[in-house]
Every structure is written in C-alpha cells, then in structure tokens.
Amino acid sequence: MVEKLNQLVKENAQDAIVNNPDIPNERNEEAVSAASMSIFDALKQQVSSGNVSELVNMFKGGGDASGNAVVQQASSGFAAKLGGMGVNIDSAKSIAASLIPMLMAKFANKTKDPNDKSFDLQDIMRQIAGPDGKFQLSDLTNMFGGQDQAKGTTDDKSGGMMDKLKGLF
C-alpha cells in the first residue's frame, strides 16, 4: 500500500513538492515518501487508538477533508517530517495543509470507486494492522456495536459495522 501511496503522491505533488523552491530538489523523493508515510502512519494510529469512526468519515469523503482527524494528523506528521528535512516550519505547514487533504480525498475516492482497484479497503485495513496480522475486520464489528463474541450477544443500538460502512462503496 505504501508504494501505491507513493505513486499517488508523485502523481499529485508536482507543484507542492517538485516545483517548490522550499524543498531542495535532492530531497524530492524523500518528501514524497514522507507524505505517503504520514498518511499511512495516521491511518494506523487511528485504528490502533480505536478511532475508526474518523476513518469511516474520511472514506465517506466528500467536501473539505481538512477537518478530519486522520487528515489533520497526516498533515501535522508531514509538516514535521518536512521540518526535519530543513524546510522552514511555516512553509512545511503550508505545503502539508495544501497537499495532504487533497491526497486524502483522492485516496478515499479511489477506495470507493468500484472501477479502480488500486486501493482496496480490506487490503488497506489488513496492512494497517501491522506485521502480527492480529487485526481483523471482524474486530471492527465490536467497535461498531456488532456481535460481542465474549457474551455472544448483538448490540442493536449502533447498527453494526456494515451499517456504518455501507456508504463507503
């Protein structure tokens, strides 16, 4: 997935990174990688903290994504990485604020486009789970009020994961 994110960044970051005098040309590839890793890290952090509702909101997309917690986290992570490359912090924040919301919107649109197989939501969730592979989509069921495996009951108050996610596709 990170490779696909890198490609998405490369396709959409010509002005923000490559043609930007604030980012030295010899650091362009590093900046592209920093953008894609910031997105990946933000997705992973949201899942690990149990804040899956922000992921759902992001993937539902539409309109201005800049207020979404995932987007904000990816933006601040990217700005910090640019700052670590010697980019002025104000410039880094400006680059991140213009690039990351646009990338996240494109990323979300690609995941919900049935004709675009470049990003698959289930594959993304598996990769976010990390190398131990313990995270399963069924884990989200409990977070969204589905079957409680310990009790063998279903919480009908929240409608279950599929009701929460059905607007994504």
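N88 is found in the loop between α5 (69-84) and α6, in a predicted model where local features need pLDDT of at least 70, side-chain atom pairs count only at pLDDT 80 or more, and totals for chains, interfaces and linings use all residues. Residues are numbered from 1 along each chain as its sequence is written, and side-chain values use heavy atoms, with hydrogens and water left out. Helices (H or I, at least four residues) and strands (E, at least two) are DSSP runs, numbered from the N terminus.

N88 is partly exposed, with a relative accessible area of 46%; buried means under 20% relative accessible area, exposed over 50%, and partly exposed in between (1.4 Å probe, protein chains only). N88 and D22 are 66 residues apart in sequence, yet their C-alpha atoms are 7.5 Å apart in space.

Helix α6 covers residues 89-112, and its 24 residues should span 34 Å at 1.5 Å a residue; the end C-alpha atoms are 34 Å apart, which agrees. The expected span is 1.5 Å times one less than the number of residues. The buried residues of α6 include I95, A96, L99, I100 and F107.

V70, V71, A74, S75, F78, A79 and L82 are buried in α5. Seen down the axis of α5, these buried residues fall within an arc of 160°, so they line one face of the helix; the arc is that of the directions from the helix axis to the C-beta atoms. An α-helix has 3.6 residues a turn, so residues three or four places apart point the same way. A80 and G84 are exposed on the other side of α5. The buried residues of α5 pack against α2 (14-18), α3 (28-48), α4 (52-60) and α6, where contact means heavy atoms within 4.5 Å. At the start of α5, a side-chain oxygen of N68 reaches to within 2.7 Å of the backbone nitrogen of V70. After α5 comes G86, whose phi is positive, near 95°.

V70 is also among the residues touched by Q46, together with N51, V52, E54, L55, A69 and Q73, not counting residues up to four places away in sequence. Q46 lies in helix α3 and is buried, with a relative accessible area of 6%. G50, with a positive phi near 80°, follows α3.

The largest nonpolar core has 37 residues, and those with the most contacts inside it are I17, F78, L82 and I100. Such a core is a set of buried Ala, Val, Leu, Ile, Met, Phe, Trp, Tyr and Cys residues joined through side-chain atoms within 4.5 Å. At least two residues of this core come from each of α1 (2-12), α2, α3, α4, α5 and α6. F78 touches residues including I17, A31, I95, L99 and I100.

Overall, the protein has 9 helices and 2 strands. Buried residues make up 40% of its 169 residues.

Terms used:
A polar contact is a pair of N or O atoms within 3.5 Å; within protein, one must be able to donate a hydrogen and the other to accept it, and residues adjacent in sequence count only if both atoms are side-chain atoms.
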